[in-house]
Amino acid sequence: MRYSVLGSTGVKVSKVCLGTATFGVAPTAQQADGVVGAALDLGINFFDTANVYGATPTFDRPGAPPAAEREPAEQLLGRALTGRRDQVIIATKSGERRFDPAAGLSRRYIIQQVEQSLRRLNTDYIDVYYAHFPDPDTPLEQTLAAYDDLVRQGKLRYVALSNHPAWQLTEALWIADKRCLVSAPVCAQVKYNLLDRDAETDLAAACVRFGLSLVPYAPLHGGLLADLSVLDRDVAGDQRFAGPGFSDAEIAVAREVDRLSRSWGLQPYQVSLAWLLSRPAVASAIVGAETIDEVHANASAADIDLEPDQLAALTPLTADRPS
């Protein structure tokens, strides 16, 4: 496993981060310890979760216990990391409003959710805390001030933004500078992969300019860029999160990635992740591995450097996709 420095923190995180959105469903609560243990054994030290992961209806699928009967992903992760806390970097987040009208980025909600996350994760501090989504009802100054107080209290180490556009990231940095906060954002989490390159329009350039890291989620586009066998699954792509399946255009690109990868003696998941990790500002890619085998497969991509001609063959496949 190789590592990157996260933003300006000086903290080194594994280039592959284990995401836990579907913990409690796939892997099941009983399998989660094994998946986390496999990640640790492979040198993965970066784990991503959220206050709403695992035990909300978004992640329901046939054969899984209903949301009300599942443990939150944070709780499963915290239990799996027992005795290893000081060896890892835990990122979690709050602010998604789909299931809680009181959610958002207000001072009241943030402090409440940080306390709950600390209990579920069985830890005294959170390494990276994201604002999960923008909150149009709360001034960004209030959100950043609440984060700053929590950093000063030792409950958070660093703060970050998730799913925020470049202009809000820039505004957050300006506010932090103006108010002399210790908690300016250090990274940005965003959906980013070979098939979804909107992050390249403005956000990646802002991160490069201001010294922040990008931490992409959905780096394999719901498994389509991992292996074409995903097309045979009953639940694939954003269907895992109550969203749509794949389009014909996406499948066509995936078939070409598959062809190129195998001609180079590599697997599509290795090539897709290695391409993403080569992009400007990208520090680590969050993989939602559902099995131990998937952890091993995805981790192997961290050690692959694609040749310039290989990158040149991949990048134009979707060069016109940012809008």
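Predicted model: local features only at pLDDT ≥ 70, side-chain atom pairs only at ≥ 80, totals over all residues.
Okay, hi everyone. Ground rules first: local features need pLDDT of at least 70, side-chain atom pairs count only at pLDDT 80 or more, and totals for chains, interfaces and linings use all residues. Residues are numbered from 1 along each chain as its sequence is written, and side-chain values use heavy atoms, with hydrogens and water left out.

Let's start with the backbone. Most residues other than glycine have a negative phi, and most peptide bonds are trans. So where is there a cis bond here? Between Ala26 and Pro27, with omega at about 5°. Pro27 sits in the loop between β3 (16-19) and α1 (29-41). By the way, helices (H or I, at least four residues) and strands (E, at least two) are DSSP runs, numbered from the N terminus.

Next, positive phi. Asn122 isn't a glycine, yet its phi is about 55°. You'll find Asn122 in the loop between α3 (107-121) and β6 (126-131). His221 also has a positive phi, near 50°, and its loop runs between β9 (213-217) and α7 (248-263). Are they buried or exposed? Buried means under 20% relative accessible area, exposed over 50%, partly exposed in between, with a 1.4 Å probe and protein chains only. Asn122 is exposed at 59%, while His221 is buried at 9%.

Now the rings. Rings of Phe, Tyr and Trp (its six-membered ring) pair if their centres lie within 6.5 Å; planes under 30 degrees apart are stacked, over 60 edge-to-face, and the rest tilted. How many aromatic pairs does the whole structure have? Three. One of them is Tyr129 with Tyr147: centres 5.9 Å apart, planes at 75°, so edge-to-face. Tyr129 is in strand β6 and Tyr147 in helix α4 (residues 140-152), so this pair ties together parts 18 residues apart in sequence. Tyr129 is buried at 0%, and Tyr147 is buried at 0%.

Another pair is Tyr192 and Trp275, with centres 6.3 Å apart and planes at 75°, so that's edge-to-face. It links distant parts of the chain, 83 residues apart: Tyr192 in the loop between β8 (187-191) and α6 (203-210), and Trp275 in helix α8 (residues 268-277). Tyr192 is buried at 1%, and Trp275 is buried at 0%.

Last stop, Tyr125. A charge sits over a ring if NZ of Lys or CZ of Arg is within 6 Å of the ring centre and within 35 degrees of the ring normal. Arg85 has its charged end over the Tyr125 ring, 4.1 Å from the centre. Arg157 lies over the face of Tyr125 too, at 4.0 Å. Thanks, everyone!
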